[in-house]
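Thanks for coming. I will take this one piece by piece, so please keep the picture in view while I talk.

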Amino acid sequence: MVELFQEEIKEDGRQSSKGNQIKFERDGIWYKADYLGYEGLVEYTVSKLLGFSDLAANEYVDYDLEQISYNGNIYNGCRSKDFTAGWNLITLERLFKNVYGEGLNKLIYSTENHEERLRMLVNQVERITGLYDFGIYMSKMLTIDSLFLNEDRHTHNIAVLTNGKNEFKLAPIFDNGAGIMSDIMMEYPMSIDAIHYIDKVKSKTFCDDFAEQVDIAEKLYGEHIRFSFGYNDVKSIVDRAEMYDEKIRNRTIEIVMQMRSRYKYLFSNV
């Protein structure tokens, strides 16, 4: 457990449709306290399962579990190393407002065709930043979001890194805590049968259907990620999160395995 203080609370310029978790930074380590459910467990679980993918270690943020003491309260949550290395994180929404005077989200949803929405997003980001592999990056991210049901990936929650000299680089994939139906306060209470509610979980990047998003991304930019985890790997990872109630851990395992079955083409050990 780590005790953190008000002066260590940080804002990173990103907004969430789910409401913002309290974030802290101390000595190059970022901490996030759970806000609506078991976000810390999801961040930890997804990052460890990305270790069973063909992503390089520097392509995603690795999270570990943490209990946070703040203002007399104890929160479950997670921690991660600062990955910016002196660069600044800028969301796509902020980037477009800086360049064009209006946000990317408005631009995307002014176009009816979903495929054109993603194509426009990628083309415009590449034009501004010079990151000409941004389509591949989006394909990887949207595949991960679909597999783990991350319902909070919108233009305030996709970012690149900049050094302030009009130079940009890709950020590692991060912020997966809204996945695996972690919102048990408002959307997915523990009283419901989570498996029967999976189809009610909606994506937010450029349409509200996860399968459609990943299909479009793969059509435009190809398939760029494979996984190799199975039930025993998931259970071993989640079982180590003893700070969370057993029902929450069992639910997490159940949802991950259900999604693994739905996206079995992504797995090399089907």
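Asp-209 caps the N-terminal end of helix H7, with a side-chain oxygen 3.1 Å from the backbone nitrogen of Ala-211. This is a predicted model, and every distance I quote is computed from it.

How far apart are the end C-alpha atoms of H7? They are 16 Å apart. H7 has twelve residues, 210–221, and at 1.5 Å a residue those should span 16 Å, so the two values agree.

The buried residues in H7 are Phe-210, Gln-213, Val-214, Ile-216, Ala-217, Glu-218 and Tyr-221. When you look at that list, keep the helix repeat in mind: an α-helix has 3.6 residues a turn, so residues three or four places apart point the same way. Helix H4, residues 114–129, and helix H5 are among the elements that cover the buried residues of H7. Just after H7 comes Gly-222, with a positive phi of about 90 degrees.

Next, H4. The N-terminal end of H4 is capped by Asn-113, which has a side-chain oxygen 3.0 Å from the backbone nitrogen of Glu-115. H4 has 16 residues and reaches 23 Å from its first C-alpha to its last, which is close to the 22 Å expected at 1.5 Å a residue.

Which residues of H4 are buried? Among them are Leu-118, Met-120, Leu-121, Val-122, Val-125 and Ile-128. The list also includes Glu-115, Arg-117 and Glu-126, as well as Gln-124 and Thr-129. What do the buried residues of H4 pack against? They pack against helix H2 (92–100), helix H3 (104–108), H5, strand E8 and H7. Just after H4, Gly-130 takes a positive phi of about 75 degrees.

That brings me to backbone angles. Most residues other than glycine have a negative phi. Asn-71 is not a glycine, yet its phi is positive, near 55 degrees. Asp-175 is not a glycine either, and its phi is positive at about 65 degrees.

Asp-175 has a relative accessible area of 11%, which is under 20%, so it counts as buried. Both sit in loops: Asn-71 between strand E4 (64–70) and strand E5, and Asp-175 between E8 (168–170) and helix H6 (194–197).

Leu-4 is in the loop between strand E1 (2–3) and strand E2 (23–26). Its relative accessibility is 2%, so Leu-4 counts as buried. Leaving out residues up to four places away in sequence, Leu-4 touches Phe-24, Arg-26, Tyr-31, Ile-68, Ser-69 and Tyr-70. From Leu-4 to Gly-135, the C-alpha separation is 38 Å.

Rolling a probe the size of a water molecule over the atoms shows where empty space is left. The largest pocket has a volume of about 430 Å³. It is lined by 21 residues, and the closest to its centre are Ala-57, Asn-58, Glu-59, Tyr-60 and Pro-172. Two elements give two or more residues to the lining, E5 (73–81) and H5 (134–148). By type, the lining of this pocket has twelve nonpolar residues, two polar and seven charged.

That is where I will stop.

Note on methods:
Residues numbered from 1 in each chain as written. Predicted model: local features only at pLDDT ≥ 70, side-chain atom pairs only at ≥ 80, totals over all residues. Heavy atoms only, no water. 1 Å grid on protein atoms, 1.4 Å probe; cavity = no way out; pocket = protein on both sides within 12 Å on 5 of 7 lines; lining within 4 Å. Points joined across faces, edges and corners; volume = space filled by probe spheres on them. Helix = DSSP H or I, 4+ residues; strand = E, 2+ residues; numbered from the N terminus. Nonpolar A, V, L, I, M, F, W, Y, C, P; charged D, E, K, R; others polar. Expected span 1.5 Å × (residues − 1). Buried < 20%, exposed > 50% of the residue type's maximum accessible area, 1.4 Å probe, protein only. Contact = heavy atoms within 4.5 Å. Polar contact = N/O pair within 3.5 Å; in protein donor to acceptor, adjacent residues only side chain to side chain.
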